[in-house]
Each structure stands twice: as C-alpha cells, then as structure tokens.
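Welcome! Have a look at the picture below, and then read on.

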Amino acid sequence: MDKIVIRGGTRLRGRVDVEGSKNAALPILLASLLSAEECIFRNVPNVVDVRTTLRLLEGLGAEVERLGDSAVRIRAERLARLEAQYELVKTMRASFLVLGPLLARHGHARVSTPGGCAIGGRPINLHLEGLERMGARVELVEGYAQAEAEELHGARIYLDFPSVGATEHLMMVATLAKGQTTIEHAAREPEIVDLAGALISMGAQIRGAGEDVITIDGVERLHGTDYTVIPDRIEAGTFLVAAAITGGDIDVVGAIPTHLDPVILKLREMGVDVREHDHGVRVIGNGRLHAVDIKTMPYPGFPTDLQAQMMAALCTADGQSVISETIFENRFMHVYELNRMGADIKVEGNRAFVSGVAQLGGAPVMATDLRASVSLILAGLAAPGTTEVSRVYHLDRGYVRIEEKLSALGADIARVRE
Ligand code: EPZ
C-alpha cells in the first residue's frame with residue numbers, strides 16, 4: 001500500500017491544470033447505456049472511480065475503448081447481462097446509477113444496493129421512490145434492487161432533499177419514459193447541468209437543468225454523441241486552498257470561477273487575494289488567514305466536498321471558525337487526524353469549532369475517505385516537519401497524480417510504497 005510523505009513549509013508557486021470532473025464523468029459514462037450507438041466522452045479524468053465505472057460497463061457487455069489518457073469510446077449496443085454485482089458496487093456507490101438506464105432501455109435490471117460509507121448512511125429511498133412514480137416495480141431482495149417495468153411513463157417527482165444522485169438517476173430514466181417528467185426541488189450542481197448537456201447531445205429533451213425544476217420529455221431512443229466533460233471544480237477548489245494554506249501563488253488553469261463562487265467568497269473573507277481570469281483562477285496567499293464560519297449546503301451553497309480542505313486551512317487561522325456540515329452525518333473523520341498534527345478542533349453534533357493555532361506540526365496520519373485524505377495532505381504542506389499520510393488509495397479515487405502536481409508547484413512531497 002502507498003503512503004504520501006510531505007516535508008512542509010514551502011510556499012507553492014506556479015500553474016496547475018485542472019482535470020475533467022469526476023462527479024460529472026461518472027453519470028455521463030453511465031448515460032451511454034441509454035443508447036445503442038457509439039458515445040465518445042472527452043476530458044474524462046483517469047482516476048480509480050472512472051476505471052471502476054469502465055470495468056462495470058465492460059462487465060455488462062458494453063464495448064469500452066480508451067482513446068488516450070482522457071477520452072473513452074463506449075458502445076452499449078447489445079449487453080450480456082443486466083446486473084451489477086455487490087463486489088463492484090460496494091467499491092463505488094455511484095455505480096448504483098446503472099439501475100435506471102438498464103431499466104429504461106431493457107425493461108428490467110438487478111443492481112446491488114450500495115449500503116453506507118465512511119461519511120454517512122447514504123440511503124437511496126429518493127432514487128427508488130422516483131422510479132416507482134415512473135411505473136417501475138422495485139423489490140429489495142438479498143441486498144439487491146430488482147426493478148422491472150413494461151413501460152416507464154412520465155411523472156411529477158418532488159425530491160424531499162435535492163439529492164445529486166437521485167436527480168441524475170431520474171433525469172436519465174425520464175429521457176426514455178413515455179410522456180413528460182418534472183423533477184421538483186432538484187439538485188442544481190454543475191455536474192447535473194453537464195449530465196443534461198450530454199443527454200441533450202444524445203437527443204434527449206431536457207429543460208431547466210441547474211434550476212429548481214427540471215422538465216424532461218421522453219423520446220423513443222437516444223443516439224450517440226461526442227461530448228466533453230466540464231473541469232473538476234472540487235480539484236480546482238483543492239488547489240485554491242493549497243495556495244491559501246501555504247501562503248503561495250498558484251494559477252489554477254481550467255477552473256470555472258462561477259462554479260466556485262462560495263469558495264472564492266470565503267477565501268476572500270479569509271484575507272486571500274483571489275483573481276478570476278478568462279482561463280481560471282489565480283490565488284495569492286496574503287499572510288495569516290482570518291477565521292470564518294462555513295456551512296455546507298446543496299449547490300449553489302458551499303460544497304461539502306471542500307469542507308475538509310477548508311478546515312485544514314482554518315486550523316492556523318487567526319481566531320475561531322465554526323464549520324457546520326449539513327449534507328453528510330459523519331464527515332468529520334479528518335478532525336481527529338488534524339488534531340494529531342496539533343490542531344485545536346472540537347466537534348459538537350454537526351458542527352466543528354476550529355480554534356486557530358500558530359502552527360501545525362508534521363505527524364503520521366491516516367486517510368479515511370477521499371476528501372479527508374487531501375485535507376491531510378494540505379495540512380502536511382503547511383506544517384514544518386514530516387507528515388506521512390497512509391491509506392492514500394482513498395485519494396486516488398478522485399485525484400490524478402496529485403503529488404506530482406504539487407511537487408511541480410514546489411512541494412517536497414513523494415509517494416512511497418509502505
Ligand atoms: C454526490 O453524492 C457526490 N458524488 C458526492 O461527492 C457529494 O458529496 C454529494 O453528491 C453532495 O454534493 C458523486 O457525484 C459521485 P446526494 P450523492 O444524493 O449523489 C441524502 C466526493 O467526494 N439522500 O446529494 O450520493 C444522503 O444521505 C463525493 O466526490 C437521501 O436521504 O449525494 C445525503 O445525506 C462524496 N436519500 C444527502 O442526501 C437518497 O435517496 C446528499 O446526498 C439520496 C440521498
């Protein structure tokens with residue numbers, strides 16, 4: 001198993017290019033199951049979760065071909081099976097979203113239910129309720145969701161919570177359902193808009209993606225496409241924080257500023273110099289950070305996927321910050337590792353009270369999930385001494401060679417085999 005070793009205290013400088021969005025690419029790759037024709041997707045990040053998704057598609061019998069490092073060709077003309085196994089779904093929850101596209105095109109499917117994960121229980125009730133409103137019969141048997149439908153029809157669906165996954169899942173299914181579907185209180189993340197963009201490029205009729213109500217008029221079939229995925233706003237946000245926490249100067253090329261509004265506003269409130277430009281966002285650290293309060297919310301609120309990174313930065317801010325996590329019930333695992341590095345963080349319910357200390361110190365720490373792992377790396381970049389982050393397999397799920405990118409910005413960082 002790999003670990004990452006960092007000798008901190010260097011101000012990072014230079015330019016970094018943002019990869020394609022993991023959280024947009026995953027559902028977009030699965031959307032290929034809605035068509036019998038060839039789909040080419042570009043700017044697809046070469047991360048573990050993408051490779052798992054391609055293995056899943058191949059396992060179903062789709063033709064999958066990598067075209068270089070960041071493009072793939074998929075053709076799901078004839079599938080050998082309509083089942084996604086537990087072994088695969090347990091490694092990546094997003095694979096549960098194959099259920100809808102298989103059902104929509106083939107009338108039945110059997111997919112392992114994802115179960116909980118390190119950051120929360122993550123139920124799928126909104127997914128299943130939405131499918132049933134469109135006429136599917138769904139049974140949960142031995143840890144699998146078995147779904148079937150003679151004919152799916154349009155429906156009016158209200159989501160109790162603007163779930164990203166449920167919005168993506170139901171929007172995909174509705175593209176082939178008979179009649180009109182509306183998804184109310186829908187998720188509005190840029191990844192939703194990008195998935196809708198890919199589906200529309202395949203011939204789907206979708207209006208309102210990115211707004212509170214999405215309207216989909218079902219069509220007979222979808223055709224192939226050649227579609228380019230948006231940049232990864234969470235990877236971009238991670239590098240913005242890397243500049244802030246090290247007092248450095250980084251130009252994050254490819255970042256879309258509007259996708260990062262709440263993050264940029266908070267960084268400015270912390271006293272960081274943030275400059276948006278045509279090709280990205282440049283961040284220049286500016287002395288000791290100011291404490292701020294953060295509350296994670298569905299988009300366009302502050303993204304939960306950048307909560308851990310911001311917490312790492314606020315560990316050495318001037319004053320006390322209160323971080324409220326409202327999306328996932330167990331997303332403070334990094335707190336205990338940051339405290340091992342000398343941070344002063346107390347957790348009460350879904351709030352973390354971060355009392356800024358003068359400096360963190362290097363220490364051996366353990367990653368518990370994808371975003372927690374990168375927050376420990378950021379803390380290690382700022383902390384004098386040596387930090388060793390173990391279990392970095394979490395990191396590889398969503399970041400492409402991050403240690404190489406940080407090293408190119410001047411960090412003393414390396415991946416070593418344990
Ligand atoms: C997506 O997860 C992202 N994953 C997550 O990113 C991200 O944290 C999350 O959206 C929120 O922004 C991908 O896109 C692959 P949700 P998803 O459904 O779709 C509850 C990362 O680090 N809920 O919006 O699973 C749920 O329990 C990952 O890249 C129900 O109650 O998120 C949670 O508390 C981590 N019932 C809340 O909604 C449901 O049926 C948000 O979940 C569905 C969700």
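A polar backbone atom of Leu-126 sits 2.8 Å from an oxygen atom of the ligand. Keep in mind as you look around that this is a predicted model. Two further contacts join that one. In Asp-305, a side-chain N or O atom is 2.6 Å from an oxygen atom of the ligand. With Ile-327, a backbone N or O atom is 2.6 Å from a ligand oxygen atom.

How much of the ligand does the protein bury? On its own the ligand would expose 820 Å², and the protein buries 85% of that.

## The shell around the ligand

Now let's step back to the surroundings. There are 20 residues around the ligand, and those that come nearest are Asn-125, Ser-163, Val-164, Asp-305 and Ile-327. Sorted by class, the shell holds 9 nonpolar, 6 polar and 5 charged residues.

Which elements give two or more residues to this shell? They are helix 1 (22-31), helix 5 (125-133), helix 6 (164-174) and helix 12 (370-382). Helix 5 gives the most, with 3 residues.

## A buried helix

Finally, take a look at helix 10, which covers residues 307-314. Why is this helix described as largely enclosed by the rest of the structure? It is because 8 of its 8 residues are buried, which here means under 20% relative accessible area.

Definitions and conventions
Residues numbered from 1 in each chain as written. Predicted model: local features only at pLDDT ≥ 70, side-chain atom pairs only at ≥ 80, totals over all residues. Heavy atoms only, no water. Near = heavy atom within 4 Å. Polar contact = N/O pair within 3.5 Å; in protein donor to acceptor, adjacent residues only side chain to side chain. Areas by Shrake-Rupley, 256 points an atom, 1.4 Å probe, with all protein chains shown as cover. Helix = DSSP H or I, 4+ residues; strand = E, 2+ residues; numbered from the N terminus. Nonpolar A, V, L, I, M, F, W, Y, C, P; charged D, E, K, R; others polar. Buried < 20%, exposed > 50% of the residue type's maximum accessible area, 1.4 Å probe, protein only.
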